[in-house]
Amino acid sequence: MELRNSELARRTFVRGAAAFASLAALGGAAACTSDNSRGTSTAITKGPGPGGYKIDLGGYQGPELTTEQITLKFLRQSYSDAMNARFVELYAQFNKAYPNIKIAEELIPYGNLPQKIQIYTQSGDAPDIMMSRLDFTTYMARSGTALDLTGYFSDKYLSDLFKPIRDAASLDGKMFLMPWEGYVPVILYNRDIFKKAGVATPPQITDIDHGWTADQMIETMIELTHNLRKKGDTATWALESSILGNGGPGSNYTQCESIWIRSMGSRNAARGSSLHNTWQGVSDDGLSVTGYINTPEAIAGMRNYQRLFTEGLTPKSAIPAQFQGQQAAMSMNSTRQILQRDQPGGKAPFDVGMTLDPTGNMLFGCNSGDAPFVWAKTKHPNEAAALLGFLCSDANQPTYFRTRGAFITRRSLADNMEEYHTPDGQLSMKIADNCDGAPRTVGWSEYYSAMNPAVKNIALGADPEKTLNETAKAIDDQLKKFKS
């Protein structure tokens, strides 16, 4: 079960994510009032629509592409060799249909993307397309950094996207980032290790209503650890060290540790209630987290998280690839490995199962994933949007996801892929329908950068209530600069 280059690069994202904070600070209050988020975007002239261009441009419905000689610049992370080669193949197909449009890529490590975006956008001469992440949709929209893509794509295409993923890429009903790949958080487990320990595996389920609670998960992990140690196995952990962000506790609040807090809330509770605030994670205006990240429910969630470390169930430091190396029974990860296993001809070196993340008052998972955007000031908006449409066409998106291994973002494509006809694949789709985006704030980078060390301190023994109260105040102080 290979840990792909993109996953290794993902660990460095948290180093670069702080650069978004300085970029956002430059926009200050203006970032909250950009015309791009107030519905004043220029109307898109409709072209022939899907199927009417020289090549299949997917859901693109904008104007015919230019006949002038132009170069589209694309800034993205470097993937695996196989994935990078696939891009080269696709660009060749696009260029054959539009020989006047050259595509120039700039490939950099994943963690360097935020700094590069900052440098380019400040210079006023940025690439036409740049890769970001769905966490930053609100900032990208309100700062005027990303182009509103909504009018460039047909309603049929937009409605085919899994709604929670589309919502995470959108603000005020407008899509600013292209839902490139889905992140569907789950727990993967090694059936062989559970069998060795004589412990029942996690719930074998086909729907999202019958998973395990945080208490049940922790009790299972305690029993598993006890039985392994009794058998003389002192090396195997119940849960691997997080491989997200930089790895280890406090590595990636968005996709990992927020599960323990936001699952203790409820999206269905009355607005303004402690339960709803805990799920929402930030005030309606996105400028305050006090009373959202430090509610009684949030504190209880972080006490559950702290038990993973105080009970010796997972390492207190970053240790790479424990699950792949069969040195941990479980991994809080994504469906990536399950989908790779279930590809035609796919396999795993050991018996891998999948279950839901622990449930507090609700099942929570953050669907943040990589997502490209078109620079708002590009000179070639039609061509940039069309290229994204081509890369995400019916023919090209499945091959991208089979090479990359990520969750596909369009329901009609998932319905026709073998990987999604398995019980785990069907469960993945149900989870995708239930996921949420990161809290809606233009200051998400400040929020994210403060929560990561707070979570790590809690893992290392800091009092959850005191830490969350202090962190809430610190984030609120950071968000003041966005107030008009």
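The protein's secondary structure comprises 19 helices and 10 strands, taken as DSSP runs numbered from the N terminus (helices being H or I of at least four residues, strands E of at least two). The model is predicted, with local features needing pLDDT of at least 70 and side-chain atom pairs counting only at pLDDT 80 or more, while totals for chains, interfaces and linings use all residues. Residues are numbered from 1 along each chain as its sequence is written, and side-chain values use heavy atoms, leaving out hydrogens and water.

Of the 484 residues in the protein, 61% are buried (under 20% relative accessible area, with exposed over 50% and partly exposed in between; 1.4 Å probe, protein chains only).

Strand 1 (residues 70–77) and strand 3 (residues 129–133) run parallel and are joined by 2 bridges. Within strand 3, Ile129 is the bridge partner of Phe74.

Elsewhere, helix 9 (residues 214–230) holds Asn227. Asn227 counts as buried because its relative accessibility is 18%. Apart from neighbours within four places in sequence, Asn227 is in contact with Ala197, Gly198 and Val199.

Definitions and conventions
Contact = heavy atoms within 4.5 Å. Pairing = 2+ DSSP bridges.
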